[in-house]
Amino acid sequence: MDELVNRVLHGEYRAAARLMTLIEGQSVEALAAMKRLYSHTGQAELVGITGPPGSGKSTLADKLTEEFRRIGKTVGIVAVDPTSPFTGGAILADRLRMQRHSLDPGVFIRSMATRGHLGGLARATNDVVNILDAMGKDLILIETVGVGQDEVEVVKTAYTSVVVTVPGLGDEIQALKAGIMEIADLFVVNKADREGADRTYLDLEIMLDQSPFKGGWRPPIYKTVATEGKGVKELAEGIVAHQAYMGREGLRDQKATERVRALFQELLRECLTKRALERISINGTLDFLYQRMARRELDPYSAAEEVLKRVGL
Ligand SMILES: Nc1nc2c(ncn2[C@@H]2O[C@H](COP(=O)(O)OP(=O)(O)O)[C@@H](O)[C@H]2O)c(=O)[nH]1
Ligand SMILES: [Mg+2]
């Protein structure tokens, strides 16, 4: 494991991929490695890219990567997309995009399996982000579909959040408004080659006019055609400007603390639950307990309190 950690710290691609696989499999050794890597994290810029499926997030991430490579930054991409089944077309397109960068040692791309994370997707994503950070990647793009709570949690951990929309999503913008709208630092109207882009742009402008925005930053809106790379340079500049703003105002440190708080609480929840359940299970199962609750011989409220007492809390 020491060897693996050292190789990750030297930015070795295969070692990082191996550790990420161990993390996804919840291995105990992986946890030991994460402990050792932690002090080497904190340098990377974290950029979340969220929006509905098919809005062009992956294409944008790909083109942004090109742009950031041009200015000499190394890039990590973490793609979290529960709507992309492994057999689906989107993954195929993602694979092709990944291949384009596969010869560039300055780029590392990882797709997260969205199922089977005992510790939660947000936790696993955080670990992968930390590995990329420890590897020395300057910028980490985190692509998620803005659907579930899990994905929102993931985006919240980024220092800069880009929300992607496309023309003709009138209702969707309303929905966005309620949820991830408030976390957007930059907006993108992608597929600006399609009809209605100006309208969507205007809708967003109006919405921004009506909402009190955070501090001194009014989220700018960019029109892009990701497939052609149009508007991507401006978007990259906008991201850099936001990073500078965050640093200047001390907001980056604030976000970093928030990120650590979320990670710590998630870990604590995970450890406590695991230990407590182990303590009360018989032959590795809790079925007897659930059956008693189902028969109404025991109520789950008292049972939860009883468990805490037994672990000394
Ligand atoms: N017309 C047009 N198509 C685009 C644009 N950006 C992406 N696409 C296409 O939209 C589809 C979904 O893109 P993808 O990046 O996989 O979306 P994601 O699901 O948000 O990651 C792909 O077929 C892209 O080629 C754009 O600006 N204009
Ligand atoms: Mg995608």
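Which residues does Leu-19 touch, not counting residues up to four places away in sequence? They are Leu-4, Val-8, Ala-30, Ala-33 and Ile-131. This is a predicted model.

**Core**

Leu-19 belongs to the largest nonpolar core, which has 65 residues. Leu-19, Val-47, Ile-131, Ile-140, Leu-141 and Ile-142 have the most contacts inside this core. Helix H6 (residues 121–135) supplies the largest share of the core, 9 residues.

**Overall fold**

The protein has 313 residues, and 36% of them count as buried. Its secondary structure comprises 13 helices and 7 strands. Among contacts with a separation of 6 or more, 74% join residues 24 or more positions apart.

The 7 strands form an open sheet. Their order is S3-S2-S4-S1-S5-S6-S7, and the pairing is parallel. Strand S3 (107–112) and strand S7 (221–223) stand at the edges. Each has a single partner strand, so one side of each is left without a neighbour in the sheet. On average, neighbouring strands are turned by 20° against each other, direction ignored.

| Strands | Bridges | Facing residues |
|---|---|---|
| S2 and S4 | 6 bridges | Ala-79 and Glu-143 |
| S1 and S4 | 7 bridges | Gly-48 and Ile-142 |
| S1 and S5 | 4 bridges | Val-47 and Thr-160 |
| S5 and S6 | 4 bridges | Val-162 and Leu-186 |
| S6 and S7 | 3 bridges | Phe-187 and Ile-221 |

Why is strand S4 (residues 139–145) largely enclosed by the rest of the structure? Because 7 of its 7 residues are buried. In a regular strand the side chains alternate between the two faces of the sheet. In S4, Leu-139, Leu-141, Glu-143 and Val-145 point one way. Ile-140, Ile-142 and Thr-144 point the other way. All of these residues are buried, the charged Glu-143 included. Ile-140, Leu-141 and Ile-142 are also among the residues with the most contacts inside the largest nonpolar core. S4 pairs with S1 (residues 45–51) and with S2 (residues 75–80).

Thr-160, Val-162 and Val-164 point one way from S5. Ser-161, Val-163 and Thr-165 point the other way. S5 pairs with S1 and with S6 (residues 186–189).

Val-47 ties two of these topics together. Its bridge partner in S5 is Thr-160, and Val-47 is also one of the residues with the most contacts inside the largest nonpolar core.

**A helix across the sheet**

Which strands does helix H10 (residues 232–248) lie across? They are S1, S5, S6 and S7. H10 runs at about 170° to S6.

Definitions and conventions:
Residues are numbered from 1 along each chain as its sequence is written. Chains are lettered from A and ligands numbered from 1 in the order in which they are written. This is a predicted model: local features need pLDDT of at least 70, side-chain atom pairs count only at pLDDT 80 or more; totals for chains, interfaces and linings use all residues. Helices (H or I, at least four residues) and strands (E, at least two) are DSSP runs, numbered from the N terminus. A residue is buried if 20 or more other C-beta atoms lie within 10 Å of its own, exposed if 12 or fewer, and partly exposed in between; C-beta atoms are placed from the backbone. Two residues are in contact if their C-beta atoms, placed from the backbone, lie within 7 Å. Two strands pair if DSSP finds at least two bridges between them. A nonpolar core is a set of buried Ala, Val, Leu, Ile, Met, Phe, Trp, Tyr and Cys residues joined through C-beta atoms within 7 Å. Axes are lines fitted to C-alpha atoms, for helices over the stretch in contact, and angles run from 0 to 180 degrees between N-to-C directions.
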